[in-house]
Structure formats: structure tokens, C-alpha cells
Amino acid sequence: MIVSLGLAIRGGEIVVQAGTSQQDAMQEARDGLAMAPDNLGLNETQFSYGDFSGFGSSARNSAILQNSSMHSTGTSYDPLMAIRMTNYINQEGAIWSNVDNGNYVNINNKQTLSCWLYFGPSQHIHSGDSFGDGMAFVLQNPANGISSFSHNGTTIGTGETLGVWGMDTDKSIDSIQKIADTAIQDSWALEFDTNANKSKVSNDDFDDESDITGQHIAYGYPGDASTYVKHSADFIGSSNYYSMNHSGVRNITTLHDGNWHHLTVSWDPTTFRITYKYNDKNLDGSKSDTPLISTSDPVHATEFGGKSAMTNKLQWGFTATSGSAYEPNLIALESIPSSVEGTVTSDITDNTQNRTFSETDTNRNVNSGDSLSFNYHLRFDSGENKWLNDVAQITFPSNVTFKNGDANQVLGYVTYNDGSDAKAEPIYASEIDQDTGRLKHSIAKDLYVSSDGTYRPSEATITVNGVANDVTSTTKVDSVSAHFDSDNLITDTDTPDFTIKRLRLSV
């Protein structure tokens, strides 16, 4: 047997690991990072490492902010923009928003987290190795701070805990409350579990539910005793064991399939409900036809220790663990909830017929030769920061000719709701990328709401003009995506699909 030695960075420290698959595991992480979708990168002032210093000398935080000075330089890790939570056996990782620097979830406002998740290839390079254990998105009371992680005072949680649920490793425990006390307190968690834990003998049995068949997504309250169920020993020589009451279980067979998966988590301040959408966007930015969507029951402030205890701000983060199984758990962020909450929508105006339609309209028919305007509406909703340096990358739909006919080849304009001249920001044909065929335009003004509550500006509309082609038969034009990439928000929208009708000339 060949035993290889490899270097891993845990919480900024270099640790020598030995194993037959260490280098393969490292390569799997690099392969995932190399495929990472467009993302914000990481502003290290807005995030903090989990602090494991109180969990015993062996506890190390495996999380790494790629492309950041928050890990040691001169390592073998490539400087690619993503968060690497775990990538090998017996690791624990945690990363938390820095509430003091304006990174939090404001429970009084609509809040959205948009990101991509990666759970590894469909099969390990080192054949025979198992996958585990996954990641969890966590909302918690900021008073808990960056030391939040599953622990029993001296030992840190591994394996099935995902770093957020209670620990079921001490067979002498006979109290559900004692299990709950080892979890992250005053929290709500959304788990992405790549390893179903159903072994009563080894106390590795949190997923002992009939509706869990394997890899799955579920949510719940880690620090609440009602989350856990005590089971009496059911054969000679066994001990009591505990399982979890999972909420909103969705069995997903392809968490680790070699692909990045998009996740949107939304907080509704009017209902106190959390909605998550998994696989809601394709890698090209277009909307997925088969998203998994789930909405929680109302989340009460008491679950976070009371509304007054958190001053309307929740700390958010990710935790991850591995035991005897492993995988590269990676995260690429597109938005930070409290930084910029922005919305982008699209519609089409048929100038010839003097009507505008969106994807929700049933009549999306135009005629050959109709003058069309493709409109992209950007709206700043809330946030600590301005919507900065936004660059629109617009894909043109088929069977439409985009030209204005004037000497300057102006395709359209950007207009704002601040009363400025609509002609002040033209969009030129020269901004079309000759390699991709996409229009790339830098939006001149930042979007924001000023401190006195006035809007200067909070909205921008990009309008690109074209003409429906002369078709020989009724022609369906598929929707296409537009990508908006800024310093603090990455988002996409799809144009409505529509149909071009052939004009019938009278004889």
C-alpha cells in the first residue's frame, strides 16, 4: 500500500495528513473550483472564520476563503474565488457573516441569498471511497458569534451533525434536551446531507426516518429539543439512540454529481417564512425548468432567543463536516443579503402594436417587421451599500435584427428614475462582443436609496431596439438570458419567449 502525505490548511495552519486518497481529494477540490460559476469572490472584512479554539486541541477549521489573504500564502491551493468548506476525512468547517461590518439578514426587510453549491464528483477518483457528510446553511442569533458549532464542551461535532445539529456520540446520554444543548443554539438550519445516517448500532442514526432514502435536503431548529427523538434500545447489547425530526424532506440523488447547483434562500418579513429554491438556475444564467422549491412554516423570533436579543439582525453562515467519508464542499456567492437587495425583470414592447408583454402574458405574438424593444428593469430594493459598477451582458434572441439605422449605430438607451435625460446613456452596436455575440454594457450610475429616503436613482431600465425578422412561417423565439455582474450582486433574468407571425399580404 502506498501512503501519501499531503498538506492541508486548517484555519490558517499547515497540517500534514496521511492517507491513500489525500492527493486525489485535493484534486477533486481543484476540479470543482476550476468549474466555479461567476461569483462575487470574497470580501474578507465581511466574513469571519469559525473559532474552534474552545473545542479541544485537535479541532481545526478546514474552511478556506479562496482568492483571499484569509489563508496562508504559498500553499498548494489555487487562488480561485469560492469558499472551500471541507475536502477530506475528519474535517470541520465554518464561515460566518460579519454582522458588525454590515453582513447579516435583516428580519424587517426582504432578504435574498444567492449562491452556487458543489458537493463533489459523482464518483471519487480514489475508487471505493464514500461521500459525506454535506453542508448546512445556518441562521443564528448574532450573540452566539463565530464560535458556534456542534460541541459538548470539549469535543467538536463531526459526521452527521454537519456542525450544526446535536451530538449523539455519548451512549450514556438519556435526555433529549442534552442532545439539543450540543447543537448551535437559537438557530435555523437548511441541510444538504450527502450521507444518510441510519445505523442504530454506531449511534450514527439521525436520518432514521421512513421518508429519507439517501442524499437529501431538509430544515429545522438545531437547538430545539423537539427536533430530536429518543429511541429505546431494541436489541440486547444496544443502547438508547436518537434521531431527528426533519422538516421539508426532499430526497435528492444528485447532490454530488460533478455539477455546481444554484441555491436561492429568501426571507419574507411579512410572513417570517423562509423559502429556498434549489437548482433554480442553469450555469448559463437561464431559469431552470425543474427547480425544487420549499417554504418553511413561520419562523418565530423566539427561536432565535427573542426579537430584542438580536436587534432584528441574524448572523448567517455555512457549516460542514466529514468523518470517514469525504467530498469537496464548495460555495460560490452571488449576493450578500444585507449588502444589496436588487431585482431584475424583463419584458418586451411591440412598438408597432403599442403593447408590452412579459412571460406571464398569454398573448406574446408579434408580426414580421414589428419594431420591438427589449427592456431590462433593475430596481434597488434595500441594502447597506450602493449597487455598484453593474455590467449587463445581454444575449440576443433569434430572428430579431438589432440595429437602429442611424449613423452612430445606437441600439438603445439606459434610463433612470432620477429625472435625468433619457438620451444621456446610449448603447452602441460596437458594444457587441464579436466572440460571444453578446451585448456588454457598463451601467454608468450606481443604484441606491439615499440616506434621506429619496431615490437618486433606485431604478434603471435598459432598452435595446430591434425588428422582428420576416419569417416564412409562424416561428417560436425562445427566451434568452441576460447576466448582470456587479461588485456586490450577480443576478440574471430571462426575456419572455414569443412568436413571430408571418404577415399575409392581400392579393
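What is the relative accessible area of Arg379?

Reply: Arg379 has a relative accessible area of 36%, so it counts as partly exposed (buried is under 20%, exposed is over 50%, and partly exposed is in between, with a 1.4 Å probe and protein chains only). Before going further: this is a predicted model, where local features need pLDDT of at least 70 and side-chain atom pairs count only at pLDDT 80 or more, while totals for chains, interfaces and linings use all residues. Residues are numbered from 1 along each chain as its sequence is written, and side-chain values use heavy atoms, with hydrogens and water left out.

Now for the partner. The side chain of Arg379 meets that of Asp381 in a salt bridge, 2.6 Å from N to O (the term means a side-chain nitrogen of Lys or Arg within 4 Å of a carboxyl oxygen of Asp or Glu). Asp381 is partly exposed too, at 29%.

The structure has six salt bridges. One of them joins Asp497 and Arg364, again 2.6 Å from N to O. Here the two ends come from distant parts of the chain, 133 residues apart: Asp497 sits in the loop between strand 32 (490–494) and strand 33 (498–501), and Arg364 in the loop between strand 21 (355–357) and strand 22 (365–367). Asp497 is at 24% relative accessibility, which means partly exposed.

Then there's Asp418 with Lys445, whose closest N and O atoms are 2.9 Å apart. That pair also ties distant parts of the chain together, 27 residues apart, with Asp418 in the loop between strand 26 (410–416) and strand 27 (426–428) and Lys445 in the loop between strand 28 and strand 29. Asp418 comes out at 22% and Lys445 at 31%, so Asp418 is partly exposed and Lys445 is partly exposed. Elsewhere, Lys281, Glu334 and Asp492 are linked in a network of salt bridges.

The loop between strand 28 (439–442) and strand 29 (459–468) also holds Pro457, and a cis peptide bond joins Arg456 to that proline, with omega about -25°. Another cis bond links Gly132 and Asp133, with omega about -5°; Asp133 is in the loop between strand 8 (111–118) and strand 9 (134–140). These are worth a look because most peptide bonds are trans, and most residues other than glycine have a negative phi. On the phi side, Asn90 has a positive value of about 55°, in the loop between strand 5 (83–86) and strand 6 (92–97). Phe272 has a positive phi near 60° and lies in the loop between strand 15 (260–268) and strand 16 (273–278).

Strand 15 also contains His261, which counts as buried because its relative accessibility is 4%. Its side chain makes a polar contact with the side chain of Asn279 at 2.8 Å (a pair of N or O atoms within 3.5 Å; within protein, one must be able to donate a hydrogen and the other to accept it, and residues adjacent in sequence count only if both atoms are side-chain atoms). A polar atom of the His261 side chain also lies 3.3 Å from the backbone oxygen of Thr254.

Key
Helices (H or I, at least four residues) and strands (E, at least two) are DSSP runs, numbered from the N terminus.
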